[in-house]
Amino acid sequence: MSVGETPITIVGNLAADPELRFTPSGAAMVKFSVASTPRSYDKTSGQWQDGTAMFLRCTAWRDLANHVADTLAKGTRVVVTGRLRQHNWQTPEGENRSMLALEVDDIGPSLRFATAKVERVQRANPAPASTWDQWTSSGQAAPGAAPEEPPF
């Protein structure tokens, strides 16, 4: 993340199914909106009250875009982190417009009211792993790794 960027985390529900597209160069891009509605307890009525919903347009790229499109659907409660971006443009009538959007760094289903099964995806060119995370299912260290407990 660069200096001066605005990081943000939002929790809400997908307002529609993610829209997967590809750039002319073949890079995957997915767009989706997250609706976040604040709730407060009204002591007078003894009930929860919904506030005004905020809809935030989000964009994810490359592998993350494919994973979002393959995994998430309308209504899924998600936790999204990324960088807030402001887009400015001018309408054909000459009016200035602007919109805030989130460039997604990470996203996952919220486990507050649901469960999820996580499946690790094999990358085409995986980065070399350090020796501490090369544990086998038998609990033994990988060849060349120090025989000690993992650091977690």
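These legends walk you through several close-up views of a predicted model. Residues are numbered from 1 along each chain as its sequence is written, and side-chain values rest on heavy atoms, without hydrogens and water. Local features need pLDDT of at least 70 and side-chain atom pairs pLDDT 80 or more, while totals for chains, interfaces and linings use all residues.

**View 1. The largest nonpolar core holds 17 residues.** Such a core joins buried Ala, Val, Leu, Ile, Met, Phe, Trp, Tyr and Cys residues through side-chain atoms within 4.5 Å; buried means under 20% relative accessible area, exposed over 50%, and partly exposed in between (1.4 Å probe, protein chains only). Phe32, Val34, Val78, Val80, Val104 and Ile107 have the most contacts inside it. Elements giving two or more residues include β1 (6-14), α1 (62-71) and β8 (96-109), and β3 gives the largest share, 4 residues. Helices (H or I, at least four residues) and strands (E, at least two) are DSSP runs, numbered from the N terminus.

**View 2. Here we look at Val104 and its surroundings.** Beyond neighbours within four places in sequence, Val104 has contacts (heavy atoms within 4.5 Å) with residues including Phe32, Leu64 and Val80.

**View 3. Arg83 pairs with Asp105 in a salt bridge.** The term means a side-chain nitrogen of Lys or Arg within 4 Å of a carboxyl oxygen of Asp or Glu. The closest N and O atoms of Arg83 and Asp105 are 2.7 Å apart. Arg83 lies in strand β7 and Asp105 in strand β8, 22 residues apart. Arg83 is buried at 14% relative accessibility, whereas Asp105 is partly exposed at 37%.

**View 4. A network of salt bridges links Glu5, Arg83, Arg85, Glu103 and Asp105.** Within the Arg85 and Glu103 salt bridge, the closest N and O atoms are 3.3 Å apart.
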